[in-house]
Amino acid sequence: MTKQLRQTTDPNTSGDFAPGWYVVGSSRALESQPKPVLLNGLPLVTFRDSLGQSVALLDRCAHRNAPLSAGRVVEGNIQCHYHGWQFDGGGECKAVPGLCGTAEHPARRVPAFACRDAQGWVWVYSEPDVDPGFEPYAIPCADEPGYLTIREHLTMPGPLDAVAENALDVPHTAFVHAGLFRKNKDRQPIEVVIRALDGGVEAEFIGEERPKGLVGHILAPRGGEVFHWDRFLLPGIAQVEYRLGEGSHIITTAALTPRTRNVTDLFATVAVKVAVPNPVLRTLFKPIAMHILKQDMEILRRQTEQVERFGAEEFASTEIDVLGLRIKKLLREAATGKQSPAPDERRIKMLV
Amino acid sequence: MTKQLRQTTDPNTSGDFAPGWYVVGSSRALESQPKPVLLNGLPLVTFRDSLGQSVALLDRCAHRNAPLSAGRVVEGNIQCHYHGWQFDGGGECKAVPGLCGTAEHPARRVPAFACRDAQGWVWVYSEPDVDPGFEPYAIPCADEPGYLTIREHLTMPGPLDAVAENALDVPHTAFVHAGLFRKNKDRQPIEVVIRALDGGVEAEFIGEERPKGLVGHILAPRGGEVFHWDRFLLPGIAQVEYRLGEGSHIITTAALTPRTRNVTDLFATVAVKVAVPNPVLRTLFKPIAMHILKQDMEILRRQTEQVERFGAEEFASTEIDVLGLRIKKLLREAATGKQSPAPDERRIKMLV
Amino acid sequence: MTKQLRQTTDPNTSGDFAPGWYVVGSSRALESQPKPVLLNGLPLVTFRDSLGQSVALLDRCAHRNAPLSAGRVVEGNIQCHYHGWQFDGGGECKAVPGLCGTAEHPARRVPAFACRDAQGWVWVYSEPDVDPGFEPYAIPCADEPGYLTIREHLTMPGPLDAVAENALDVPHTAFVHAGLFRKNKDRQPIEVVIRALDGGVEAEFIGEERPKGLVGHILAPRGGEVFHWDRFLLPGIAQVEYRLGEGSHIITTAALTPRTRNVTDLFATVAVKVAVPNPVLRTLFKPIAMHILKQDMEILRRQTEQVERFGAEEFASTEIDVLGLRIKKLLREAATGKQSPAPDERRIKMLV
């Protein structure tokens with residue numbers, strides 16, 4: 001049905017778009033009035049119906065295609081600004097002002113998308129007019145006792161797979177974030193175990209030292225052993241988990257939503273349990289995280305511009321690109337419905 | 001011949017472009033010096049020849065394709081700025097500076113378009129190098145005794161068919177122009193008769209009350225019966241005629257010219273005979289008309305953006321969309337040269 | 001191999017791109033740090049290797065396609081900003097930080113382009129990973145004793161063939177540069193001999209008077225016989241040579257490099273031997289040359305916009321367009337590898 005919604009040659013959409021639940025905004029920011037969002041180039045409108053439930057429709061009036069998001073919500077229905085047609089949260093036409101007769105009619109429906117409020121975010125299912133049959137991903141540790149939970153929304157200038165690889169990539173940190181995590185000297189070999197998850201892939205880093213530089217000093221002031229996992233889960237969860245020092249636990253879950261082919265919304269949930277007092281952590285977190293993310297945005301912007309200029313990616317990979325190719329494969333298979341058996345567990349050495 | 005003038009895949013041109021006379025500007029604004037205009041994406045240059053006649057050529061020098069509109073008129077010929085080639089109002093090459101020999105040559109012609117000054121406007125025939133064999137549309141009541149005649153030029157952000165439908169559509173007025181014409185409450189049913197005209201279509205509204213809101217109060221302060229017709233005539237005339245109260249007559253003729261596929265020039269001639277003194281009318285007219293048109297421009301802009309985003313129109317219509325589909329059909333048939341028999345007269349009910 | 005570097009449908013590249021040596025900048029401006037250049041839409045990075053030699057690579061890291069020009073040069077190798085991969089001047093991968101094992105690998109190479117410093121300019125050969133087997137064009141009289149040599153870089157808003165034709169065209173000077181060289185009155189016929197050169201074409205103007213207007217007065221204050229040649233040489237040399245008055249000799253060599261399809265870099269070398277003292281000449285040269293070039297840029301911009309608007313060139317030529325069609329033919333044949341026999345010498349008359 002998605003094919004009917006738009007032209008398949010749309011340059012704003014990605015070819016490798018995996019069906020699933022995507023975050024489109026924070027629950028707190030969705031009030032009764034309409035809020036437009038873009039999901040892989042497709043304009044949707046979210047609003048709250050008469051019960052206060054979040055709902056999502058295609059942002060196009062069935063009548064003359066005006067954007068419903070330019071209208072307003074009247075008693076839980078969204079009213080088009082052009083001729084006043086109204087639609088409920090399920091997409092049914094409820095009013096055609098001026099028409100003698102009933103408004104409801106199959107030709108006057110607007111496609112509707114399953115929508116949920118969960119863990120502070122509004123999630124939308126990517127396919128119209130279906131019940132997905134399962135719920136959105138449950139973000140670990142979010143709002144659990146003992147965890148400080150911080151949420152941030154950023155807009156990253158790159159396609160979903162590039163943003164996910166960047167978020168889960170270790171080797172770039174010594175260059176793009178020189179001085180913050182790792183340095184390009186006195187490197188030691190560690191072991192990395194790459195294993196398949198259900199609908200995803202995980203890299204476990206064994207024998208890693210406490211991150212060098214500023215971030216390590218804040219998170220584990222007294223040093224200690226480090227446990228570190230990077231994970232990707234379909235359709236767009238990128239997760240970095242650290243256990244280090246005496247009971248410190250930091251798990252960052254980025255829900256990635258392709259806004260268009262080359263722009264990805266990143267909805268981050270950071271759950272932190274460390275010795276540092278929460279007010280200090282809150283104060284330090286944002287400037288450091290934004291500094292790191294701006295460096296990543298800059299390199300992603302350049303990478304994306306290059307791929308556009310050359311017309312296609314032309315990547316060479318080595319074994320220390322532990323997750324990038326697997327993420328691409330997972331997305332491609334999910335987008336096309338094909339599936340190959342999960343690869344065996346793999347162990348490699350990396351100098352960090 | 002139009003096909004030779006440009007690539008047929010030009011995204012600036014509309015597929016459903018009906019041949020005919022189009023207004024490209026006001027006669028008063030066309031002086032001897034060249035003035036460029038765009039007719040459905042095709043650059044033309046208008047100027048006045050040695051007799052003061054308005055003439056129109058393709059705005060492309062036959063030599064190295066420089067825009068003739070960047071040159072100047074020399075003794076009634078247009079001279080290119082690059083190498084000084086000159087062309088008369090019929091497109092003949094009259095000078096090639098530096099060449100030993102005659103300038104005139106079939107390969108050095110520039111396509112010429114029939115051009116007229118009529119009723120305050122410059123009209124151009126859409127096909128090059130032909131005598132259309134008929135004259136431009138005669139605008140009713142313009143400059144007739146007893147009528148105040150007002151002319152305005154606006155640029156509407158939408159394709160011709162959408163602008164024409166918008167100009168002739170009744171149901172949107174209760175929403176886009178809430179409070180000015182009609183309201184979305186206490187609606188009463190009226191009858192609408194839709195009938196074919198020669199090269200057009202007309203809707204007559206029977207039993208309509210005096211327009212509610214401000215505009216009605218100004219035009220017919222003492223109420224009375226209302227006669228109301230909306231008309232579309234090929235290639236781009238949208239006309240709204242009201243007779244109401246004691247001898248009030250207002251006829252608005254919008255000559256629509258596609259500048260590009262999604263931008264339409266609207267050249268309006270409003271002929272008014274009402275009890276209101278002309279100076280008062282003149283004073284009131286412009287701010288009210290501009291207020292209304294800005295609301296229409298805003299919704300047209302949004303509608304056009306949506307159709308571009310989705311790649312195609314996906315319209316559902318009801319019987320109270322009395323002229324929209326007929327306008328599209330007239331334009332498509334005129335553009336393709338096919339013609340189907342005029343539909344029978346049709347009567348519907350509408351709540352206004 | 002160029003086909004592998006990018007999509008062949010790239011709108012930034014010209015179809016008629018002749019292989020050969022192209023100037024991409026001045027030698028003085030190329031220091032050790034990376035400098036990006038565009039050669040017919042293809043992003044290259046130039047820098048100096050550990051020996052101080054100018055080198056040119058494709059500006060795309062073999063790993064994740066980040067632009068190498070955003071990185072820096074470390075001991076003569078260029079280091080990518082994203083993951084720190086390093087490449088030498090020949091495109092070999094010399095470092096993959098974090099990888100246990102050797103960095104060099106054929107899949108990790110970056111295409112390299114032959115590069116030379118000659119006569120003040122950096123020249124790059126257009127095809128990757130080949131030894132062209134011949135050296136860049138030797139600019140006549142540059143830096144020779146008795147000649148004042150002036151170098152300028154301008155960016156012209158037009159395709160290479162249009163810029164070359166404009167630079168070598170006599171008839172436009174009476175219009176675009178009215179008053180500076182020639183006037184459109186009291187014209188006298190002269191003879192023009194057009195003859196093929198090896199990989200080029202030349203027009204010799206016989207019987208021409210000293211240029212009228214300001215420029216002639218400066219260059220040959222006492223008048224005298226004029227010898228004048230205009231030349232085009234593949235892949236993009238446009239040359240104007242004047243000998244006039246008592247031993248005056250001016251030879252302007254423009255090395256034209258297509259940056260993109262419609263933008264051409266013009267690297268001019270002007271070698272002048274005249275009676276005017278050098279400091280006066282230097283002072284006068286720049287404002288006059290810039291005035292002339294701005295007029296040419298303006299008309300080239302308009303011409304290029306027109307061709308884009310109409311989708312293709314539609315040129316009519318006469319015999320006084322002495323070099324334009326020949327330049328187009330030379331470029332097309334060089335681009336496609338076809339070659340037709342050189343045309344016979346031709347003589348025409350022109351009024352100047």
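## Strands, domains and chain contacts in a predicted model

In chain A, strand 6 (residues 77-79) and strand 7 (residues 86-87) run antiparallel and are joined by two bridges. Strands (E, at least two residues) and helices (H or I, at least four) are DSSP runs, numbered from the N terminus. This is a predicted model, in which local features need pLDDT of at least 70, side-chain atom pairs count only at pLDDT 80 or more, and totals for chains, interfaces and linings use all residues. Residues are numbered from 1 along each chain as its sequence is written, while chains are lettered from A and ligands numbered from 1 in the order in which they are written.

Within that strand pair, A:Q79 stands opposite A:Q86 of strand 7. Both strands belong to an open sheet of four strands in chain A, with the order 5-6-7-8 and antiparallel pairing; two strands pair if DSSP finds at least two bridges between them. Strand 5 (72-74) and strand 8 (93-95) of chain A are the edge strands, each pairing on one side only.

Chain A is divided into domain 1 (2-128) and domain 2 (148-351), with bounds from an automatic or database domain assignment. The C-alpha centres of these domains of chain A lie 33 Å apart. Contact, defined by C-beta atoms placed from the backbone and lying within 7 Å, involves 21 residues of domain 1 and 20 residues of domain 2 of chain A. On the domain 1 side, the largest share, four residues, comes from strand 1 of chain A.

Chain B also touches chain A, through 26 residues of chain B and 23 residues of chain A. Helix 5 of chain B gives the most to the chain B side, with seven residues.

The table divides two of these contact sides by class; Ala, Val, Leu, Ile, Met, Phe, Trp, Tyr, Cys and Pro count as nonpolar, Asp, Glu, Lys and Arg as charged, and the others, Gly among them, as polar.

| Contact side | Nonpolar | Polar | Charged |
|---|---|---|---|
| Domain 1 of chain A, touching domain 2 of chain A | ten residues | ten residues | one residue |

Finally, chain C can be laid on chain A with an RMSD of 0.1 Å by a turn of 120° and a shift of 0.2 Å along the axis. That is the relation of a three-fold axis. The superposition is by least squares on the C-alpha atoms of residues with pLDDT of at least 70 in both copies. Of the residues of chain C, C:P11 comes closest to the rotation axis, at 8.9 Å (C-alpha).

Terms used: Two residues are in contact if their C-beta atoms, placed from the backbone, lie within 7 Å.
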